[in-house]
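Dear colleague,

Please find below the structure I am handing over to you, with its sequence. My notes on the strands and helices follow it.

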Amino acid sequence: MSLNPDTAGRVLIVEDDLALQKQIKWSLDRYDCATAADREAAILQYRRVQPTVVTMDLGLPPDPDSVSEGFRLLEQLLDLDPHVKVIVLTGQNDQANALRAVALGAYDFLAKPFDPEVLGLTIERAMRLAELQAENRRLQALQQPDALSGLMTRDPEMLRISRMVERVASSDATVLLLGESGTGKEVLAQGLHQASRRSGRFVAINCAAIPENLLESELFGYEKGAFTGAAKTTPGKIETANGGTLMLDEIGDLPASLQAKLLRFLQERKIERLGARQEIPVDVRVVGATHQDLQALIAEGRFREDLYYRLAEIEVKIPPLRSRQGDAVLLAHAFLRRFAQEQRRGSLVFSEDALQAIEAHAWPGNVRELINVVKRASIMADGTRVTAQDMGLKVPEREGAAAAGTEFDLRAAREAAERQTVIAALARTNNNIVKASELLGISRPTLYDLMHRLAIK
């Protein structure tokens, strides 16, 4: 049995017997094989070629009669990539070490002397398993958990942030979300609440949208008769969120007098309504959010440093849309589908000039601006194709490639360029693997291999 050349993966052969190394490579001529004779060379080769399967002898220099170097290499390979398939080649009477290697994470083992056809079949089976596992991971990544269903991204930094949010969700730590307006702070706050174990409500209040003289009563509530017009006892937002999550948006605009009262609540977890004489214990998860530089406000004396440290037990900095690889187009596709359904416009798609304009635009208003632009375009478009003109965006002019700087690490530069191109192609085609592979001019299995090697989910 043999794999199609397009689906044949890479194999690293680690063997200090050069004659046997050559024999193994010859028997695996249908694969792209690299070789190494010791542990250090094997690690260098692994980093260079990123093989799917590694065959290795446990007895390696400088002490080929011992298995210590082989087990050390096995651990290092699995640390580099837990999904790599390692096939251990052992001596005829060394089954104990072979079983130990499998227990540590090796895929399989073969005793020397081995049948080349059996080795080829074992490698082919490992390749197929690796491909299935990679596809499964890709599908799981596309089907994001409900907790973050509102967050659509392929950007590595945003994916890291979403994983951080999921990890923090089960704790009671206070979270501070920092980022420009429109970057999705409330979406992350809601995701944090949904991923938590809290049964209460998610309650949000914008500290900048409510007049200062009303904000205290909005937050802490009031008793009947506390002030003119207080006809009945009314709980505040903090009390309403009991058992749940309270989002304090634009926390940087909180008045100084309320900063002290909020700090006291965060320390004691008790509130006192306006006009009341009795404290009420409240169990609530607090999420602060702001687009302002709190450190600068602290330096100016406009924000309490002790409150900042209470709020920033976990600090999350959300990058602007212009910094997220491929996200503008990816989100635009999703918003266009949504608005087309809402307006019963049938199937709307972006023209090529619209996609180019979306990619080139700086999006100073971030995701909020993108939503408004796509919604307007879905209304203004005459036919089924949304153009750059419908969106009110300029189509970028084609310019000759000009190097902004010099990158001497060719491998790193190539990987960075490949990652950016693949992410852009996936975003452009709305995650359609077949269309993305056609756009890139490669086969679908090759695209899967690229996505796996570049850790694109």
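Please bear in mind that this is a predicted model.

Strands β1 to β5 belong to an open sheet with the order β2-β1-β3-β4-β5, and the pairing is parallel. At its edges lie β2 (32-36) and β5 (108-111), each of which pairs on one side only. On average, neighbouring strands of this sheet are turned by 20° against each other, direction ignored.

How many of the residues of β3 (residues 53-57) are buried? Five of the five are, so the strand is largely enclosed by the rest of the structure. In a regular strand, side chains alternate between the two faces of the sheet. Both faces of β3 are covered: V53, T55 and D57 are buried on one side, and V54 and M56 are buried on the other.

The pairing of β3 can be followed in both directions. Strand β1 (residues 10-14) runs parallel to β3 and is joined to it by four bridges; here V11 stands opposite V53. Towards β4, five bridges are found, again with the strands running parallel, and V53 stands opposite K85 of β4.

I87 has D108 of β5 as its bridge partner. Helix α4 (residues 95-104) packs on the sheet and touches both β4 and β5. The direction of α4 makes about 165° with that of β5.

Another open sheet consists of five strands in the order β7-β8-β11-β6-β12, with parallel pairing. Its edge strands are β7 (202-206) and β12 (314-317), and each pairs on one side only.

The bridge partner of L178 is K317 in β12. Which strands does helix α6 (residues 156-169) lie across? Helix α6 lies across β6, β11 (285-290) and β12, and runs at about 160° to β12.

With kind regards

Technical notes. Residues are numbered from 1 along each chain as its sequence is written. This is a predicted model: local features need pLDDT of at least 70, side-chain atom pairs count only at pLDDT 80 or more; totals for chains, interfaces and linings use all residues. Side-chain values use heavy atoms; hydrogens and water are left out. Two strands pair if DSSP finds at least two bridges between them. Helices (H or I, at least four residues) and strands (E, at least two) are DSSP runs, numbered from the N terminus. Axes are lines fitted to C-alpha atoms, for helices over the stretch in contact, and angles run from 0 to 180 degrees between N-to-C directions. Contact means heavy atoms within 4.5 Å. Buried means under 20% relative accessible area, exposed over 50%, partly exposed in between (1.4 Å probe, protein chains only).
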